[in-house]
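Subject: Handover of a structure

Dear colleague,

Please find the structure below, for your review.

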Amino acid sequence: MLVERFNRQDIRKDMSNTSPSEISSVCATTNTCANCGKEGSDVTNTCNKCKMVMYCNAACKKRHRHKHKKECERRVTELHDEKIFKQPPTLEDCPICMIRLPTLATGRTYMACCGKLICCGCIRAFQSRAVKAGRIKEDDICPFCRTPPPKSDEAMIKRYKKRMELNDPIGIRNLAGMYVRGLYGLPQNITKALELWHRGAELGSADAYYAIGIAYNQGRGVRRNEKEAMQYWELAAMSGSSIARHNLGCFEEQSSNYDRALRHWMIAATDGDLDSLKKVKSIYMDGHATKDDYAKALRSYQSYLHDIKSDQRDQAAAYDARNKYYESAV
Ligand SMILES: [Zn+2]
Ligand SMILES: [Zn+2]
Ligand SMILES: [Zn+2]
Ligand SMILES: [Zn+2]
């Protein structure tokens, strides 16, 4: 036991950012077999689950298994939680006004011409300037790269395929959505959509991970598998999908894991997910969270609103409800 503890303390510091090969190299410096206590540079057989203990050979690893199992599982869960409960990266700023993009999808538009996400405020401001100047024909060109909209379905699909060649995760994920519904002259093809979602997800699209989770949850194009769905939603949440994060919180709530539910909803509320803030409020009312928890979630949500609000965006939302870019707090 002592040997194990020694190893663990040594390498624990930056575990979340440490690659398995780095871990092995750190372990290798301690050179102690967790089973027989043998020391030396040839003690290199790592527990491939927790990566926390070393053995001199496979036989020692096997013999130690029953002693190590519990500790190993505990550490694997701990490592998983460290990853899953980390605040994910936020969306980039709008490339025109340089203000943080809203999480609410109606507050931004993807431009397949240049692959930029532009906020509703900048699009609306550009359009109204064009109209005022009498350049009516220009009111729907891209405010970022000045490309006119595609003239046909074929032209639109061609643009998306170009984005795909450029490995643009959002473009790829949107193209997948078109295959799901058979839009713009594309045949309806869920297999193709899944293939694209996987590619978009690997390139960093949280929404693509989320969509794969839905496919597994509903058995669309794949065999229905809730466990698999959950794993994809976890990946989605870690890549920044607040809807996936919200759902994970709801699953934890169903199992009465209120602490874990709260942690998920707190992260999602910080990313502007109003439903998660409402959930924190509801478990606070039911006595499963403290007043401080709720106050903290509310402050985080308000700080998000502070980051994304702008006069231009307010004007866009007032002009057309389809430009709504946030929901007022509860
Ligand atoms: Zn040994
Ligand atoms: Zn282990
Ligand atoms: Zn903008
Ligand atoms: Zn553009």
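Predicted model: local features only at pLDDT ≥ 70, side-chain atom pairs only at ≥ 80, totals over all residues.

Helix α5 itself covers residues 153–165. Its 13 residues reach 18 Å from the first C-alpha to the last, close to the 18 Å expected at 1.5 Å a residue. The buried residues in α5 are R159, Y160 and R163. Seen down the axis of α5, these buried residues fall within an arc of 95°, so they line one face of the helix. On the face of α5 turned away from the buried side, E154, K158 and E165 are exposed.

A further residue of α5 is A155. With 11 C-beta neighbours inside 10 Å, A155 counts as exposed. After α5 comes N167, whose phi is positive, near 60°.

Helix α14 comprises residues 311–319, and its buried residues are Q312, R313 and A316. They cover an arc of only 95° around the axis, which puts them on the same side of α14. D311 and A318, on the other side of α14, are exposed. The partners of the buried residues of α14 are β4 (117–119) and α4 (120–132), against which they pack.

The core draws at least three residues from each of domain 2 (93–149 + 283–330) and domain 3 (169–242). As general context, nonpolar side chains in soluble globular proteins tend to be buried together. Which residues does W197 contact, leaving aside its neighbours within four places in sequence? They are R173, A176, A208, A211 and I212.

Helix α8 deserves a separate description. It has 13 residues and reaches 19 Å from its first C-alpha to its last, close to the 18 Å expected at 1.5 Å a residue. Is α8 mostly covered or mostly uncovered? It is mostly covered, with 10 of its 13 residues buried. The buried residues of α8 are A206, D207, A208, Y209, Y210, A211, I212, G213, A215 and Y216. What covers them includes α6, α7 (190–202), α9 (226–238) and α10 (242–254). Just after α8, G219 takes a positive phi of about 70°.

Two loop residues also call for mention. K51 is found in the loop between β1 (45–46) and β2 (54–55). Its phi is near 55°, a positive value in a residue other than glycine. K51 counts as buried because 22 C-beta neighbours lie inside 10 Å. R146 is placed in the loop between α4 and α5. R146 likewise is not a glycine, and its phi is positive, at about 65°. R146 counts as exposed because it has 11 C-beta neighbours inside 10 Å.

Some overall figures complete the account. The secondary structure of the protein comes to 14 helices and 4 strands. Of its 330 residues, 36% count as buried. Among the contacts with a separation of 6 or more, 52% are accounted for by residues 24 or more positions apart.

On confidence, the mean pLDDT of the protein is 89, and 89% of its residues reach 70 or more. Over residues 1–28 the pLDDT is below 50, and this stretch has 31 contacts in the model beyond near neighbours in sequence.

With kind regards

How values were computed. Residues numbered from 1 in each chain as written. Chains lettered and ligands numbered in written order. Buried ≥ 20, exposed ≤ 12 C-beta atoms within 10 Å, placed from the backbone. Arc of directions from axis to C-beta. Contact = placed C-beta atoms within 7 Å. Expected span 1.5 Å × (residues − 1). Domains from an automatic or database assignment. pLDDT = per-residue confidence, 0-100.
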